[in-house]
Amino acid sequence: MEKILDCLGEACPIPLVKAQKALEEMATGDILIVGIDHSCAMKNLPDWAREAGHNVEIDEIGEGEWDVVIEKS
Amino acid sequence: MSETTQTKIKRTGRRREAVKPEERKKKQLIQRIIGVIAVILVIFMAIFAQGINQKGAFIVLIGVGFGYVLQRSRFCLTAAIRDPFLTGGTELTKALIILLAVSSFLYMGINMAKFGLGLETLNLKLAAGYIKPVGLHTAIGAFLFGIGAVIAGGCASGTLMRIGEGFTQQWIAIIFFVTGTIIGKFLMPIVKKSSVLYTGKAIFLPSLFGGWLGAVIVHFGLLFALYIAADKWSRRKQK
């Protein structure tokens, strides 16, 4: 299953909290794509997801706009 | 991060359309031109500030330097306090503790040079650093600031930095940031009149612990203990 979470325009802790909640409901192997444009969330979301053991990749869509792709594991 | 990264995780859904390479090149060119203009403006601003204040140019350049480091390092004071509770990550918390240790060490050196090793000649009004009264007003203010910082998505420095990055939500935050500062300016004299809220007594650790040595042991000992605690916290939380 693939889920897209639009967090464009959301400031720092919100994308992370939303991603944490979304991941809780997902099964192993599911993919969550979080769209963000806040540079601080760009650091703490991938950092947290990697430390939690998920597979994380970052896709730069444009200047200052990213898709954080998290595969739950 | 100027290149578009190719992701390896297989995605089934439609990908968000990335900005076309030609368009990005155009944007990057505009960014470079704006960058050059900004540097020239900063130089003029430094010259202008020097005319007003003897340390003007120095202050402008230090400020720009701070902004640059803040943006590049993604250092966030709000995250340093918030993340241990939110994610269990304490990397920024540890950085903040080191920052406090280094800066207080420097201030200690400046004040030692000013007043000597004894405390007989100490004059808190002339001492370097912000030696201000602590009390209930500090706790209330910190609590309010914390709520504001989390809602606004950053503290003062982080907000200013992201205004420059073009994060529009924080352009709204700056309006209220300035409004709050003005309210605070008028509220402070009222707070100062209350003996419960404001004791008016500044606490300077060397005076409190009978000299520099006591203060050094207590101050750096506390910071060290906090550092160890932060380190242990991140390990416990991530298990």
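Which residues line the largest cavity? In this predicted model, the lining is made up of A:Cys40, A:Lys43, A:Asn44, B:Arg74, B:Cys76, B:Ala79, B:Asp83 and B:Leu92.

## The cavity

Let us stay with that space for a moment. One cavity of 30 Å³ or more is counted here, and the largest cavity holds about 40 Å³ of space. Its lining divides into four nonpolar residues, one polar residue and three charged residues. Two helices each supply at least two residues of this lining: α2 (41-51) of chain A and α3 (77-86) of chain B.

As a reminder, an α-helix has 3.6 residues a turn, so residues three or four places apart point the same way. Just after α3(B), B:Gly88 takes a positive phi of about 85°.

## The second largest pocket

Now to an open space. The second largest pocket contains about 1,700 Å³. Its lining comprises 37 residues, and those nearest the centre of the pocket are B:Gln71, B:Arg72, B:Met161, B:Gly164 and B:Glu165. By class, the lining residues are 14 nonpolar, 15 polar and eight charged.

Helices α1 (21-52), α2 (56-73) and α6 (156-165) of chain B each supply at least two of the lining residues. The most comes from α1(B), which gives 10 residues.

## From α6 to α7 in chain B

The loop between α6 and α7 of chain B holds B:Phe167. With a relative accessible area of 5%, B:Phe167 is buried, because the limit for that label is under 20%. Setting aside neighbours within four places in sequence, B:Phe167 touches A:Gly9, A:Glu10, A:Ala11, A:Asp37, A:His38 and B:Arg162.

B:Gln170 counts as buried, at 0% relative accessibility. With neighbours within four places in sequence again left out, the contacts of B:Gln170 are A:His38, B:Ala152, B:Gly153, B:Gly154, B:Thr159, B:Arg162 and B:Ile163.

## Aromatic pairs

Over all chains, the structure holds three aromatic pairs. Here are two of them, side by side.

| Pair | Centre to centre | Angle between planes | Type |
|---|---|---|---|
| B:Phe105 and B:Phe220 | 6.4 Å | 70° | edge-to-face |
| B:Phe204 and B:Trp212 | 6.0 Å | 85° | edge-to-face |

Why is the pair of B:Phe105 and B:Phe220 edge-to-face? The planes of these rings stand at 70°, and the label applies because the angle is over 60 degrees. This pair ties together parts that are 115 residues apart in sequence, because B:Phe105 lies in helix α4 (residues 91-115) of chain B and B:Phe220 in helix α9 (residues 212-237) of chain B.

B:Phe204 counts as buried at 9% relative accessibility, and B:Trp212 counts as buried at 10%.

Terms used
Residues are numbered from 1 along each chain as its sequence is written. Chains are lettered from A and ligands numbered from 1 in the order in which they are written. This is a predicted model: local features need pLDDT of at least 70, side-chain atom pairs count only at pLDDT 80 or more; totals for chains, interfaces and linings use all residues. Side-chain values use heavy atoms; hydrogens and water are left out. Buried means under 20% relative accessible area, exposed over 50%, partly exposed in between (1.4 Å probe, protein chains only). Contact means heavy atoms within 4.5 Å. On a 1 Å grid over the protein atoms alone, a cavity is a set of points where a 1.4 Å probe fits but cannot get out, and a pocket is an open set with protein on both sides within 12 Å along at least five of seven lines; lining residues have an atom within 4 Å of a point. Grid points are joined across faces, edges and corners, and a volume is the space filled by probe spheres set on the points. Helices (H or I, at least four residues) and strands (E, at least two) are DSSP runs, numbered from the N terminus. Ala, Val, Leu, Ile, Met, Phe, Trp, Tyr, Cys and Pro count as nonpolar, Asp, Glu, Lys and Arg as charged, and the others, Gly among them, as polar. Rings of Phe, Tyr and Trp (its six-membered ring) pair if their centres lie within 6.5 Å; planes under 30 degrees apart count as stacked, over 60 as edge-to-face and the rest as tilted.
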